[in-house]
Number of protein chains: 2
Amino acid sequence: MAVTIRDVAKLADVAPSTVSRVIANHSRISEATKRKVKKAMEQLGYHPNQNARSLASQSTQTIGLVMPSSGDVVFQNPFFSMVLQGISEGSHKNKYAMYLTTGKSDVETFEAVIRMVQGKRVDGLILLNSKVEDKLISYLRRRDFPFVVIGKPFKDAEEITHVDNDNVRAMREATEYLIDYGHRKIAFIGGSLELMVTVDRLDGYKQALNKANIPIKNEYILHGEFLREGGQEAVSELMALEQRPTSLVVVDDLMALGVLSTLDELGVKVPEEISVVSFNNVLLSEMSKPPLTSMDINIFDLGYQATRSLIEIIENRAEPTKRIIIPHKLVERQSCSHQVPLPLDELKEDGFENL
Amino acid sequence: MAVTIRDVAKLADVAPSTVSRVIANHSRISEATKRKVKKAMEQLGYHPNQNARSLASQSTQTIGLVMPSSGDVVFQNPFFSMVLQGISEGSHKNKYAMYLTTGKSDVETFEAVIRMVQGKRVDGLILLNSKVEDKLISYLRRRDFPFVVIGKPFKDAEEITHVDNDNVRAMREATEYLIDYGHRKIAFIGGSLELMVTVDRLDGYKQALNKANIPIKNEYILHGEFLREGGQEAVSELMALEQRPTSLVVVDDLMALGVLSTLDELGVKVPEEISVVSFNNVLLSEMSKPPLTSMDINIFDLGYQATRSLIEIIENRAEPTKRIIIPHKLVERQSCSHQVPLPLDELKEDGFENL
DNA sequence: ATAGAATGTGCAACCGTTTTCGTAAATGCG
DNA sequence: CGCATTTACGAAAACGGTTGCACATTCTAT
């Protein structure tokens, strides 16, 4: 029914195999036949059937992606949209397309991936950090199927190609920024500890405090969801403390927005009474009131580089495993103010105990 | 190399065709063999090769989507992410997957679509309203290829299945809301007139004014991009007018955010000095200061219903063309305030001329 | 008991490519 | 000019499924 390679071959008066070679731009084809065949293709409006092609050549020029299910919080976060954008750009540049599926639960997701992989729909996979990952990763490694993960894998990070930020350093710097501003009572508002991002960033936070000889206070470390609500709850708790912090580091802009709005409701002025440093630097952060000082982690690049390295792996299976670190940069806006630093011994009296 | 249908057949001691029928859950297969075959599949960890399957059966269980190129403004807008979410959900529910490509330009996009369609990669297409559409649509119609568009098509809307809001009514209502609040000087901040959304909403705006006998003032009608910057520019212009409006209808939340921030810079208080009604009701709108009164157009449903009807068309080519209208609803927040209505004749003196 | 229908399964063609292998013609070399 | 390469292309076998048709049973009705 549709025009096939045979039709082209017939019109150009060559064998189908020759047409195939012309498409693949094979070297051993004379310029003359090339022209002849191309003209025939043009004339018939021929476009190769990708399924047949994939079947025969065992490759699809497609990378797979499992999306968070639509109920998932991640989807709400501009982070996702941005990383998708990077992936999209990376695929496009390399003439790859993207194949997406969703799973409502971990097992659904797992099955979806199996269908993609065994069904030969995709040549490789990009994994967004999540909790299912583990089973998935071991499955993919067992099959020696190309994949890269965005974020740091929980296990065997050295053996898995992944692209990530240097989250501990980034958070250390963010915290030091606040310390330089004179802050000593700095609270940390993070996401679930099941996520490596949180672990790393919490680590960076502690490193900064330790380095500055500031005691770490457990009440100042809170965990919520990567959502506005998460930020709101955290702030309520913090503001109920006897020793209110003078500044906050928040691991996500959306959470920070929640923080801001709750602070506003409580009548606490930002940055006059409390300073806020946030993370991710998505569009929102410059639109809030006040605009957020936020750590830009180049989300787009996270997606872009992940795609690039995935394609490298696909096209050269011997490619060594890599860890790619995307640079970060603090973007200063108006959510922080200077603070006359408390002497450390006074902090102690205030009930700070070292962890 | 991988396990094929033949392997399963051999193990279950039946013909490959029987295995195929078991997979398809064909009626003419006895329960006994079904069990036998399923056990064999299980045992071998068999998963059908989708390419082979697609090739043979001429169907992919996949719907195609062309994404805005990563530079595109649309991508910045949460609208996109939300509609994608709806599409994702719709596909998933019907056991379809999604295939994405991007084009950097109109011709690239067009070619990408051709590759998808002729390459038989997808069973149908969802089109997000944009300007290329026209060539695309006529191409798809010529080939009788299933597609639905989200938004209203520029041409032949009656002959094309599409899902949209009743944008003129929605905007009429939004404007009337302001009128009920006593406002008479109402400005319209919209996107490009090349977009049907803008056309429809502008129409609704005018209808509302006409119905209330309020003259339409050209200086009050502005067009910018669907971005924050678009809103910012528009406001600057409006505030430079001798007759400042007392309220604004803005066709997109992101624009409205720009409006808000510019207003803030100019020291104009919302809602005390100027009221703002916005559109789309994305997450942002409740996080702004003040929270935006915004028309919820159920973006998720736009995507979801589009997918549903596309799949209906795919599975029954005789499905009649439909126009699906997604309901809207004004969500009141704190960006509007009452205003003592000016008598209409006073408006006239203020230089209002009827359009 | 037997024609005819219903049921269960196998055979083989087909979906539209890619790719290995083979061969004829063209070329290089002594 | 004869022989060994190289070059340009064709034949046919995969790739891994689906499906129309034929055939053999078993069931139902007469």
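I began with a definition: two residues are in contact if their C-beta atoms, placed from the backbone, lie within 7 Å. With that in hand I looked up Val276(A), leaving aside its neighbours within four places in sequence. Val276(A) is in contact with Ser247(A), Leu248(A), Val250(A), Ala256(A), Val259(A), Leu260(A), Val270(A), Leu292(A), Ser335(A) and Cys336(A).

**Ground rules**

I noted that this is a predicted model, in which local features need pLDDT of at least 70, side-chain atom pairs count only at pLDDT 80 or more, and totals for chains, interfaces and linings use all residues. Residues are numbered from 1 along each chain as its sequence is written, while chains are lettered from A and ligands numbered from 1 in the order in which they are written.

**Chain A overall**

I found 14 helices and 12 strands in chain A; these are DSSP runs numbered from the N terminus, helices being H or I with at least four residues and strands being E with at least two. The C-alpha atoms of chain A fill a box of roughly 90 × 40 × 35 Å along the principal axes. Its radius of gyration is 26 Å, whereas a compact globule of 355 residues would have one near 20 Å. That radius is taken over C-alpha atoms, and the globule rule is 2.2 Å times the number of residues to the power 0.38.

For burial, I counted other C-beta atoms, placed from the backbone, within 10 Å of a residue's own: 20 or more is buried, 12 or fewer is exposed, and in between is partly exposed. By that count 49% of the 355 residues of chain A are buried. I also noted that, of the contacts in chain A with a separation of 6 or more, 72% are between residues 24 or more positions apart.

**The core**

Which residues touch the most other members of the largest nonpolar core? They are Val259(A), Val276(A), Val259(B) and Val276(B), in a core of 168 residues. A nonpolar core here is a set of buried Ala, Val, Leu, Ile, Met, Phe, Trp, Tyr and Cys residues joined through C-beta atoms within 7 Å.

**Two copies**

I laid chain A on chain B and got an RMSD of 0.1 Å, with a turn of 180 degrees and a shift of 0.0 Å along the axis. The two copies are thus related as by a two-fold rotation axis. The superposition is by least squares on the C-alpha atoms of residues with pLDDT of at least 70 in both copies.

Next came the interface, where 37 residues of chain A are in contact with 37 residues of chain B. On the chain A side, the elements giving two or more residues include helix H6 (78-93), strand E2 (97-102) and helix H7 (106-118). That side divides into 15 nonpolar, 16 polar and 6 charged residues. For these classes, Ala, Val, Leu, Ile, Met, Phe, Trp, Tyr, Cys and Pro count as nonpolar, Asp, Glu, Lys and Arg as charged, and the others, Gly among them, as polar. The copies meet through the same surface, because 100% of the interface residues of chain A are also interface residues in chain B.

I called a residue near a strand if its C-beta atom, placed from the backbone, lies within 6 Å of it. Around DNA strand C I found 28 residues, with Ile5(A), Ser17(A), Ser20(A), Ala56(A) and Ser17(B) coming nearest. H2 and H4 of chain A and H2 and H4 of chain B each give two or more residues there.

DNA strand D is surrounded by 29 residues, and among the closest are Ile5(B), Ser17(B) and Ser20(B). Helix H3 (31-44) of chain A is one of the elements that supply at least two residues to this surface. Its residues divide into 17 nonpolar, 9 polar and 3 charged.

Most residues other than glycine have a negative phi, and most peptide bonds are trans. I therefore wrote down the exceptions I came across.

- Asp13(A) has a positive phi of about 60 degrees, sits in the loop between helix H1 (5-12) and H2 of chain A, and is exposed, with 11 other C-beta atoms within 10 Å.
- Asp144(A) has a positive phi near 55 degrees and counts as exposed, with 7 C-beta neighbours inside 10 Å.
- Lys289(A) and Pro290(A) are joined by a cis peptide bond, with omega about -5 degrees; Pro290(A) is in the loop between strand E9 (275-280) and strand E10 (293-296) of chain A.
- Val270(B) and Pro271(B) are joined by a cis peptide bond too, with omega about 5 degrees.
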